[in-house]
Amino acid sequence: MSDVTRAKHGRPVHHWRRDVVELAALFTAVAVADAVANLIGHGPDGTALLIISAVVLVATAGFHTWWARRHGHAPPADDTGARPLADGRRAGTSEESAAVPESLAGATTLWRMRTTVKDAPGSLAALCSALAQQRVDILSLQTHPLAEGTVDEFLLRAPAELAASEMTRAVSLAGGTETWTERADAHDLVDAPTRVLGLATRTALDAAELPLALRQLLGRCTIRSLPAKSPGSGRAEQSAPVEGALEGTVMRLRAPEGGVITVERPYLPFTPTEFARARALVELDARLGPRIPRSQDVLTLPEGNAISLRRADASDVEAAKAMHERCSPRTLSMRYHGPVGDADRYLNHLLSPRFGRTLAVQTASGRIVGLGHLLWDGDETEIALLVEDDWQRRGIGGELLGRLVTMAVEASCESVYVVTQSSNTGMVAAMRGLGLPLDYQIEEGTLVITARLDATPVTSRLPYDEGQRGERVVRD
């Protein structure tokens, strides 16, 4: 609309001066057109003059189009207040050319970082700004208040080319102290409440999960469970207060049966928040009492006998003692590496789910003829087997070993080891049958075989703890 403009409230407002100017321009254009028509019609070079006029008009229209495209009506980039693009693209590029496919984006790495800052306004903002300058994305943040200062725990996504030392240096310059960094994985993307609830559920289903749950809750640490009395001598072990004890990098928790659970990590002190979470998990375990999954698998031996494999606990102590009485002294000495008369003393410890997992091999009549133990030993995991003499050389030992190794893999153990005698060719053959990398260490007739669990066992095992019943044939 050339003759009107709109006021601030939207109503049209007429300007008479603009109307006068447009009217004068119209009369001027008519006069010029009449003069050109008379010149073309009565002049000697009218045709040539008409052609020249057409060329001039076309050139003028082309210049006007070029000028309009070069100088659009959008405000200059300086007036938008927008930040310059991170990759250096100019503001005038189209959306299609500016977009970068996700598959071409730079690779990233997940990190877990802890640092201590002063409990003062702006301290956390300074850390976040320092990480942002390194192009580090903060995925989650937890704060652990202390008497002096605050421990901030971050889950970070950083460019793959950014070294951990560079992040630590940036955080240090921003006021962070006692900074600790380690690689994270996709499991750490789960928020803290969800992860704690998941660990509590695992512990509620199986008492043997408590040490593993504590390790996942607290990160890389060493966990040791000590009974109230030594299994061999019967003497009292160290104890812990009912409410537990926190001493820097070590926490001691009272186990439900009167023993003590020691958790230690050398690189970073535990916070009161972590101590409270660990104590709550142990208290939940104590309230639920001894429990294991009640499921079993039925297996058929080469000669046709049917046996079953199930989880065992302290209720099987008497049946295990009866098996000891049927075993020869040589078999017991190969298993316990000490006086045969002390074998029964270890059963309460070995069959307690607090210290690991035990599989029992049971005949159709209900008699236990084999035991396999997966024992948590600090940062390491031990496997121990005992098969009654009359049931040896039937593939039972290999079946127990394979299932225990599968349990260790599911528990995220890095390796397992067995302690035996160098003359125990059956155990050596069973370990070789796993198809895993093995390390051997021999000292005064004692053989320690360590299997690294960086590969899956060759033999596929049934997922025992899923509560499914199955039937298979055991190969000798």
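Reader: Why is Thr-150 called buried?

Author: Good place to start! Buried means under 20% relative accessible area, exposed over 50%, and partly exposed in between, with a 1.4 Å probe and protein chains only. Thr-150 has a relative accessible area of 13%, so Thr-150 counts as buried. A word on the source: this is a predicted model, where local features need pLDDT of at least 70, side-chain atom pairs count only at pLDDT 80 or more, and totals for chains, interfaces and linings use all residues. Residues are numbered from 1 along each chain as its sequence is written, and side-chain values use heavy atoms, with hydrogens and water left out.

Reader: What does Thr-150 touch?

Author: Contact means heavy atoms within 4.5 Å. Not counting residues up to four places away in sequence, Thr-150 touches Thr-115, Thr-116, Val-117, Asp-119, Thr-143, His-144 and Pro-145.

Reader: Which strand holds Thr-150?

Author: Thr-150 lies in β5, residues 150-159. Strands (E, at least two residues) and helices (H or I, at least four) are DSSP runs, numbered from the N terminus.

Reader: What makes β4 and β5 a pair?

Author: Two strands pair if DSSP finds at least two bridges between them. Eight bridges join β4 to β5, which run antiparallel.
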